[in-house]
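Here's a quick briefing to read with the model open beside you. Take a look at the chains first, then come back for the details.

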Amino acid sequence: MNPRRTFLILIPYLWLLALFLVPFGIVFKISLSDTALAIPPYLPTLDLSTGWAGFREFLSELDFENYVWLTEDDLYWKAYLSSLQIAVFSTVLTLLVGFPIAYGMANAPDQWRPTLMMLVILPFWTSFLIRVYAWMGILSTEGFLNQFLLWTGIIAEPLTILNTNTAVYIGIVYTYLPFMILPIYATLEKLDASLLEAAEDLGCSRTSAFWLVTIPLSRPGVIAGCFLVFIPALGEFVIPSLLGGSGTLMIGKVLWEEFFSNRDWPVASAVAVVLLLLLIVPIILFQKHQEKQQEAEQ
Amino acid sequence: MSDPAPATGTGPSEFAPWKDPDAQPLIQFRNVTKRFGDFTAIDDLTVDIYAREFFALLGPSGCGKTTLMRMLGGFETPTEGTILLDGQDIGPVPPNRRAVNMMFQSYALFPHLTVRENIAFGLKRDKLPKDRIDARVEEMLRLVQLQKFASRKPHQISGGQRQRVALARSLAKAPKLLLLDEPLGALDKKLRTETQFELMEIQEKTGTTFVIVTHDQEEAMTVASRIAVMDHGRMVQVDTPDRIYETPNTTYVADFIGDVNLIEGNAAAHHEDGKVEIHWREGEPPIVGTPMGEVPDGTRCTFAIRPEKVAISKDHPEGSSNIVHGKVLDIAYLGNMSTYHVELPTGVIIKAQLANNRRIARRNITWEDEVWLSWTETAGVVLTG
């Protein structure tokens, strides 16, 4: 291999090493340590001045105690499970909302498309926190939504939405909608219109052409969109803590509390490592599946 | 070269339902007009297409040929007029309920389905029993010789094979009418020529009526039983390939199909046999030609003659009419034939084509040679349109 190519390939690997593998190694190391009243709040710390013997002593003090702890206290696996449930459910909701929007955009007249695209991206121009706070104003008991519904007479008593899982779902769907819309739009926009005409020509109604041609061909976009929503939603911290209630149990919140309320960095790190493993497994499965499909097609 | 004007029947076996006044056309366009906003794509068009015909729509891009085809497929509805299929108005019938199938220019094969599933797609929509579908798909695969590729996806086969899958898919439902939109446009020249003959064979085997859209005049000439030459939403001439070529009715058709010499002049001195003299340039003898219709004396007209009907020689040819003298300006060597561009003293350039049935070293006409051009009185046509 020539040095130019080696160099080019090296850049992403160095990036990965510096920004993912090294930080992960540090977190993993902390997760094997014991908590201590010190700065940093864990033991042991590696002291290179003590040489080889010091390093061996350092290694001997590391253990998997914190991981065992995660299985002993049912808070953790409940939080993982609840996060998983919330992430799956909100991904499905985002898909149900996002697909029709992407479909509408892809079928809109050409001159409208840039504007529609702009409208989808526009919320990103405002701080994420401010937008979530805005939802508190909308969803609270005296919020805009309740006032509007009371005014129209649809409801007689204000609804309790804020500080429930419903508010968390609304927040996640709202926040991650563009990540669902954009990849689906990209695949739908590429879809050759003559394929639908061919389906109709061969006896499909408009509806069955949609199910038999549009849906299967938009699958890559749907899968990409679901991953882009599911992965951050699983570890989401801001939305459940601002919009969710005491009953909303999510691993991101647990993580935050371990780090900052309990100052138990080793357990918090163990929670983070397990979360990462939980995320990596579906990603690897997905990639394996993609590779297999590509091989089959060649 | 026989007299081109009257049609010559070649016996009872000849396929020419358009000459039979009792024949019932499969498709009838009646005063069909199609407008897109201000643009008139099809302009008051009336034409009949008969069962088992291989009907070609030929014209430059934007002439309305694709719009016409899409109206047959059901993807556009006429603004005015009616289209009848088997005597029934198909205007309000959606594409999925027409006994018409279309082979798309892009082939429009479903990329997520295999060759077999693509071909079966239309049959499955008809809710046929599985064994009937399988049998029909096998039959189609055999017809286009793709049995070996049945379980491949469209992107795993070559362009020529994709074209055949598209053809098989559109034929699978045994439509009354098959529409082919530039079916061979994406193939290279050699494959295209081969496929043209395959298309004709399949058309004959299945007995389906084919309507083909093309801008390639050679393709239309090869495959079609009749050709409609289109221009600006009108059919300028609808006729058999030989008559389109030999007896075009306008200079547009003459110019669009093949190579042609067009000489403008004034008609004069009708001969008794209907031939007419054309005075086209001071100092040149008049050209004698056969008019396609009435050409009163003094009419401005165009004499059209194909290069291969112009003889070229170094010696003065026999005969008295249609002989001109000039100098070879250019020679285009095409392999099987050569086209000589001969400049007359008046500056007019006439093209003459000669089959290269001798080796190149034996041919004696070269650049700057003084030559004689001649043609018979029936070789060219006189056009007024």
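This is a predicted model: local features need pLDDT of at least 70, side-chain atom pairs count only at pLDDT 80 or more; totals for chains, interfaces and linings use all residues.

Residues are numbered from 1 along each chain as its sequence is written, while chains are lettered from A and ligands numbered from 1 in the order in which they are written.

**Chain A: annotated spans**
- An unreviewed UniProt entry lists "transmembrane region" for residues 7-28, 79-103, 115-138, 169-188, 208-230 and 268-286 of chain A; UniProt positions use the numbering here, feature names are shortened, and annotations may be inferred rather than shown by experiment.
- Residues 7-28 of chain A come out as 100% helix and 0% strand, with end C-alpha atoms 29 Å apart. (Helices are DSSP runs of H or I, at least four residues, and strands are runs of E, at least two, numbered from the N terminus.)
- For residues 115-138 of chain A, the figures are 75% helix, 0% strand and 26 Å between the end C-alpha atoms.

**Chain A: a helix pair**
- Helix α8 (residues 165-190) and helix α11 (residues 219-234) of chain A have axes that come within 7 Å and cross at roughly 160°. (Axes are lines fitted to C-alpha atoms, for helices over the stretch in contact, and angles run from 0 to 180 degrees between N-to-C directions.)
- That angle makes α8(A) roughly antiparallel to α11(A), a label for angles over 145 degrees.
- The contact includes A:Tyr176 and A:Phe179 of α8(A), and A:Gly221 and A:Leu228 of α11(A). (Contact means C-beta atoms, placed from the backbone, within 7 Å.)
- By class, this contact has 15 nonpolar, three polar and no charged residues. (Ala, Val, Leu, Ile, Met, Phe, Trp, Tyr, Cys and Pro count as nonpolar, Asp, Glu, Lys and Arg as charged, and the others, Gly among them, as polar.)

**Chain B**
- UniProt (unreviewed entry) places "domain: ABC transporter" at residues 27-257 of chain B, a span that is 36% helix and 26% strand.
- Strands β1 (residues 27-36) and β4 (residues 80-85) of chain B run antiparallel, joined by five bridges. (Pairing takes at least two DSSP bridges.)
- β4(B) also pairs in the antiparallel sense with β5 (residues 88-89) of chain B, over two bridges.
- In the hairpin of β4(B) and β5(B), with two residues between the strands, B:Asp86 takes a positive phi near 55°.

**Where A meets B**
- 15 residues of chain A are in contact with 20 residues of chain B.
- On the chain A side, α9(A) gives the largest share, six residues.
- That side divides into seven nonpolar, three polar and five charged residues.

Definitions and conventions
Angles under 35 degrees count as roughly parallel, over 145 as roughly antiparallel, 65 to 115 as roughly perpendicular and the rest as oblique. Two residues are in contact if their C-beta atoms, placed from the backbone, lie within 7 Å.
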